[in-house]
Amino acid sequence: MSTKIKDGWNTRLGVILAVAGSAVGLGNFLRFPGLVAEYGGGAFMVAYFISFLLIGLPICWAEWTMGRKGGLLGFNSAPGIFHSITNKEHFKYLGVIALMIPVGIYFYYLIIESWCLAYAFNYFTGNINVNTAEEASSFFQELTGITKNGSAISFSTKHVFIFVIISLLCNFYFISKGISKGIEKFCSIAMPTLLIISIIILIRVLTLGTPNPEIPENSIQNGLGFMWNPSFEALKNPSLWLAAASQIFFSLSVGFGVIITYASYLKEDDDVILSGLTAASTNEFFEVSIGGMMSIPAAIAFFGVTGLTQIGLSTFNIGFNALPLVFDAMPLGDLFGFLFFFLLFLAAITSSLSMLQPALAFIKDTTQLSHKKAISILFFITTLGAYFVLFNSKDLKALDTLDYWINNLLMVFLATAQILIFGWHIGIKKGLEDAHKGSKIKIPKFYNLIIKYVTPLLLISILFSWVWGIFNLHKPNQYIIDLFIEPNFIAWNSIGILIILGLTITFCLNLSKSHTSK
Amino acid sequence: MNTLGFILLSVSVFAVSALTAYCYYKVLTSNDPKIDEEKD
């Protein structure tokens, strides 16, 4: 059995920052505040923290532990890891899903990352002058090509195409340098930079006061009140609990196939419990302490609750429609606009790098190709996928379809399977024994019951409530309409791409002998 | 912003900041041997 590890982390802090970088993304600064405001303000945090303790941390620790164990058995990609830690060959097919998720997300995440870079560039060069919601929306539509397929493909800096190329090259430059010299080095610089920039913007936002004294109700204080004043009645709403659990789940990047790959580069006596907790808490810090006080309060200080509600509380509305208006109205708006979107770009690139590594490890594990050749294959596959999303930009249909099915079906399924493997197949006693090897802190004993019973039950209920929701034929959601009721060509193509990706991975897996020979 | 909102905001921010600070304190003060010492 091979235990040779060719690349790996240099320091514990390096792997923690890389995992935290994978987790910190647009969701922390844009999606989280929208959810808090929508679901009961401060009351949402009750459900949010409970979900963190009951879902986020258990899966996180399970993934770190299983990843490290798989790595010690000679595997760095999910199929090999699942096969080796369970000793059952058919579990390697679970690894196919663990590869489809990061690669599938990368196809569209690269495009969103490029929007952030495009906004940062246009603020830096003073090319964004939006005075009304219509102008902000029009800039976004032109940049993303939301009105017509293929319209974003142009070399103008008002279109996203050129920024996609730059982001693509950035990603592959760092990924080609390897784990320690590429991902670790980049995240070790990017994460502290992210912290500094976000604190500068936060201070600016919190000192905005009442920008227009003639409208005293439009103030930062009222913005914070809009987000945080609790409505405990909302806790009776099951959707709030589902939204809190989903946010924790997606925000921490669990069930993503990334942590398990990153952890496979650790050594036997490297701590996983403290490292997992540190990476998770770093994500929570960016989400709650910074994201929770930044975008929505700023928007309300300028447009009031009514104005923001008209624009909308979705991730893209807050980020790309509301905030450009805030920067336009703010003194030194171009500077803060540049800093904010550069912050989002950095957060996005630390995440997108993590999406490439699992597939790279798989190509290397299965084909034994050189690093350079494996990078070329990965570049070809991911560029094709990203181009599909970039070209099919009308109504962001391809992006939206991929996002919906990967997040709601594949990620929840993978996380459920992982926690069941950890708590039931490996066994909670053996699993936690593995987790505590080299650990700097102990997992409290009551987590035995949580990991074995509570987390799987909660995940299964999330999965079932989602399935129940989509099969509610009296009120089908848009994604079901796109596939079965009024079939949409792009939506079906997006699903087709995911299926082709899964079949290709399965085909390569079956051709390769390396997953059984180690 | 009402008092309850302020309390929830403060408690949430304090809780995650304290947890993060504690974790980094533990990470930085415990031994951190170079992970790649024994690599090929």
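Analyst: In chain A, helix α17 (residues 397-425) and helix α20 (residues 478-485) pack with their axes 10 Å apart and at an angle of about 105°, where axes are lines fitted to C-alpha atoms over the stretch in contact and angles run from 0 to 180 degrees between N-to-C directions. Because angles of 65 to 115 degrees count as roughly perpendicular, α17(A) is roughly perpendicular to α20(A). Helices here are DSSP runs (H or I, at least four residues), numbered from the N terminus.

To the contact (heavy atoms within 4.5 Å), α17(A) brings A:K397, A:D400, A:T401, A:Y404 and A:W405, while α20(A) brings A:Q478, A:Y479, A:I480, A:D482 and A:L483. By class, these residues divide into five nonpolar, two polar and three charged, with Ala, Val, Leu, Ile, Met, Phe, Trp, Tyr, Cys and Pro counted as nonpolar, Asp, Glu, Lys and Arg as charged, and the others, Gly among them, as polar.

This is a predicted model, in which local features need pLDDT of at least 70 and side-chain atom pairs count only at pLDDT 80 or more, whereas totals for chains, interfaces and linings use all residues. Residues are numbered from 1 along each chain as its sequence is written, chains are lettered from A and ligands numbered from 1 in the order in which they are written, and side-chain values use heavy atoms, leaving out hydrogens and water.

As for the chains, 40 residues of chain A are in contact with 28 residues of chain B. Across that interface, the rule finds zero salt bridges (a side-chain nitrogen of Lys or Arg within 4 Å of a carboxyl oxygen of Asp or Glu). On the side of chain A that touches chain B, the elements giving two or more residues are α1 (12-23), α3 (43-72), α9 (220-228) and α12 (273-290), and α12(A) gives the most, with nine residues.

Conventions:
Parallel < 35°, antiparallel > 145°, perpendicular 65-115°, else oblique.
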